[in-house]
Amino acid sequence: MDHQPKFFENLSGTGKAIGVLTSGGDAQGMNAAVRAVVRMGIYVKAKVYFVYEGYQGMVDGGDNIVEVSWESVSSILQVGGTVIGSARCKSFRTREGRLQAAYNLVQRGITNLCVIGGDGSLTGANLFREEWSGLLEELAQKGKIDEEAVKKYAYLNIVGMVGSIDNDFCGTDMTIGTDSALHRIIEVVDAIMTTAQSHQRTFVLEVMGRHCGYLALVSALACGADWVFIPEYPPEEGWEDSMCVKLSENRARKKRLNIIIVAEGAIDCHNKPITSEKVKDLVVQQLGFDTRVTILGHVQRGGTPSAFDRILASRMGVEAVLALLEATPATPACVVSLSGNQAVRLPLMECVQMTQEVQKAMDEGRFVEAVRLRGRSFENNLNTYKLLSHKKPDAELPKDLSLTFQRSKNSGFFLTNFNVAVLNVGAPAAGMNAAVRAAVRVGITEGHKMFAVIDGFEGFARGKIKEISWGDVGGWTGQGGSILGTKRTLPAKYLEKIADQMRTNNINALMVIGGFEAYESCLQLQEARSRFEEFCVPICVLPATISNNVPGTDFSIGADTALNAIVETCDRIKQSASGTKRRVFIIETMGGYCGYLANMGALAAGADAAYIFEEQFDIRELQANVEHLTEKMKTSIQRGLVLRNENCNENYTTDFIYQLYSEEGKGVFDCRKNVLGHMQQGGAPSPFDRNFGTKISAKAMQWISKKLKETYRKEEGKVFANTDDSVCLLGMRRRNLVFQPVAELKTETDFVHRIPKEQWWLKLRPLMKILAKYKTSYDVSDSGQLEHVAMHSPKEAETGAI
């Protein structure tokens with residue numbers, strides 16, 4: 001549906017004052033949100049104030065409420081916690097405290113508040129808003145303010161952003177800080193795994209989450225834990241024996257370590273706490289395993305924010321300012337939230353109410369309801385974990401879905417499994433192994449025989465194919481690169497040999513995990529169906545590439561890990577200049593012709609410019625950028641960062657841009673350049689990539705099972721799939737995971753430059769420019785509609801968000 005773009009230039013903040021505060025527990029990414037609110041506020045000509053120490057600072061007033069400038073938020077993007085402080089405030093819970101807070105705000109003309117905190121902080125803000133006019137009247141009666149002030153500041157606008165590492169707020173897929181907390185947990189788990197393996201130990205890890213098991217659940221999914229305890233899904237009666245059986249079975253399969261993750265609020269089905277010590281004692285007593293407990297505690301709140309949290313917080317901060325500018329006295333207090341890949345606004349109290357409903361459901365023992373209320377994302381995580389963590393006995397594997405009848409030469413019928421092959425194609429991407437593991441385990445659970453193809457289509461042609469079992473993929477989630485091996489070779493020149501191998505091994509379906517080459521490969525296989533009947537089988541492509549250049553999906557497996565590598569390096573590079581006066585760094589990123597890494601890396605690292613192929617530039621723009629940096633260096637900011645995509649322009653190379661900046665900046669700043677290269681492809685996968693790879697792979701395997709059932713011809717005893725919808729790519733589109741026939745994606749593809757014709761992240765490009773103080777247009781057509789918190793059905797959880 002075409003829409004007329006709506007630009008925010010029509011929204012003026014002149015005469016408005018915005019107060020920004022952080023309240024409750026701190027979370028990584030809060031500073032990125034504060035920075036975005038300040039800079040966007042100043043950009044639209046509003047006054048912006050810091051409220052130090054949360055609500056306590058609002059009540060105390062004085063130096064706790066200070067007007068800020070553009071430079072005030074320089075260099076805070078990469079800092080964890082909150083630079084404006086956060087405090088629990090008893091006095092704000094009293095009417096007298098709120099009266100004093102109202103007086104302090106009116107004195108400075110602040111009638112717009114941006115509150116970054118958890119549900120308690122946001123509920124307090126809403127109460128303050130509801131009481132506002134009454135508080136002003138009381139202040140007027142006491143003679144503290146005049147009647148004119150009562151009229152002028154008649155209503156208070158509130159916009160909330162949820163900063164909480166627990167991800168315990170309903171209505172949003174991710175809260176600010178959650179992804180960074182997962183990074184801390186996974187770093188610890190990866191480190192513990194090596195020592196546990198050395199000594200054949202069992203480790204019990206306790207993670208935060210007094211009322212919400214999100215961190216425990218996702219970290220269990222991301223590291224392939226043997227068991228997880230969360231408050232929303234207590235184990236069934238007799239769990240002690242079941243857990244010990246599972247642990248000893250894993251040891252019998254030659255697994256040298258066991259990982260058990262416990263949320264601090266974990267309970268059994270009688271609402272009795274399950275502690276990490278209790279679990280440890282149980283394992284020691286029943287199994288005699290060498291068992292240790294590690295309590296992560298406040299480590300999870302610390303450290304630098306991840307790339308995801310910085311981008312999320314920056315987007316939310318800008319959206320919050322837009323929401324405040326558009327607010328009217330009739331607008332309810334809203335919370336800026338993330339749904340899939342979309343920034344949305346939801347009524348604050350609807351979200352708070354549903355969050356409280358979850359706790360109520362758990363208190364009353366309605367655990368199925370509690371999981372449903374947590375939302376699609378949580379439910380998907382739980383279902384995927386259950387699918388992957390426990391191997392069903394062979395007797396329990398499905399007989400109807402994936403076991404089919406073939407006629408025997410001798411007599412009657414016998415049962416035979418479907419054979420499904422998994423292969424990696426293209427350059428390696430972190431998270432590929434997690435996707436392979438999920439495919440293999442879900443395939444086995446669905447009753448299939450799983451085959452691994454070594455070295456992509458080249459290996460396929462040479463017959464490098466072997467059956468792979470449940471235990472073979474144990475411990476794969478945390479491994480970077482591609483364990484199966486991957487090649488860029490397309491199948492076109494090996495079609496006959498690949499068809500032979502498919503016939504020899506009786507392959508009934510293919511899962512291809514890779515980047516643009518994987519997508520092109522499946523197009524070639526589909527086109528070859530008329531010549532080779534062997535390719536008339538269900539085929540599913542999973543996008544996995546650091547470049548994020550595959551059509552049909554907003555995200556690819558591996559792109560988040562690469563983005564984090566870029567941002568981490570940029571942080572170090574910026575830090576290296578802290579002792580040097582006035583220096584600009586030119587950094588080259590990978591990505592082919594796709595500018596995703598350069599653009600999003602620039603947004604997450606706080607860069608001044610990002611040169612990409614999708615937005616052509618000329619010498620005049622380069623000159624304008626140099627002048628912009630020259631002006632910037634006259635302020636207290638003395639570092640510059642410029643990112644360049646490797647193929648953004650064949651003439652304006654990294655060397656050219658470096659030399660131009662060096663020459664033009666003479667006497668003002670000096671220049672350094674850095675080509676990041678293949679370090680962007682390496683490293684352990686980020687929690688997002690492990691989780692995303694695992695979930696989309698599990699979903700793809702279920703789709704393959706469904707297609708096998710639909711396309712099996714009983715009378716011929718074989719699978720025959722020849723329609724366009726039997727070769728699909730599974731991608732994340734805005735808010736949903738969608739299977740799209742690759743043939744239909746051809747029209748959306750620029751094959752010369754290997755990128756999609758339309759890319760969602762280009763809409764965020766002006767955001768990076770605004771936050772770097774450039775004048776630009778920003779299309780806010782997607783903003784502005786206040787939505788409602790949707791209750792979803794169990795069916796939606798299957799089709800919904802990641």
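Predicted model: local features only at pLDDT ≥ 70, side-chain atom pairs only at ≥ 80, totals over all residues.
**Close-ups of a sheet, a pocket and a cavity**

**View 1. Strands β20 and β23 side by side.** Strand β20 (residues 583-589) pairs with β23 in the parallel sense, over 6 bridges. Here, two strands count as paired if DSSP finds at least two bridges between them. Strands and helices are DSSP runs, numbered from the N terminus: E with at least two residues for strands, H or I with at least four for helices. Residues are numbered from 1 along each chain as its sequence is written, and side-chain values use heavy atoms, with hydrogens and water left out.

**View 2. The whole open sheet.** Zoom out a bit and you get 4 strands in the order β21-β22-β20-β23, with parallel pairing. At the edges sit β21 (609-611) and β23 (670-675), each pairing on one side only. On average, neighbouring strands are turned by 20° against each other, direction ignored. (Axes are lines fitted to C-alpha atoms, for helices over the stretch in contact, and angles run from 0 to 180 degrees between N-to-C directions.)

**View 3. Helices on the sheet.** Helix α18 (residues 559-576) lies across β20, β22 (639-645) and β23, and runs at about 150° to β22. Helix α19 (residues 596-605) packs on the sheet too, touching β20, β21 and β22, and its direction makes about 160° with that of β22. Contact means heavy atoms within 4.5 Å.

**View 4. The largest pocket.** This one holds about 1300 Å³ of space. On a 1 Å grid over the protein atoms alone, a pocket is an open set of points with protein on both sides within 12 Å along at least five of seven lines; a cavity is a set where a 1.4 Å probe fits but cannot get out; lining residues have an atom within 4 Å of a point. Of the 47 lining residues, Ala225, Asp226, Lys246, Ser389 and His390 are the closest to the centre. Helix α8 gives the most to the lining, with 6 residues.

**View 5. The second largest cavity.** About 50 Å³ of space lies in here. Its lining includes Met161, Thr172, Leu312 and Val336. Strand β10 supplies the largest share of that lining, 3 residues.

Key
Points joined across faces, edges and corners; volume = space filled by probe spheres on them.
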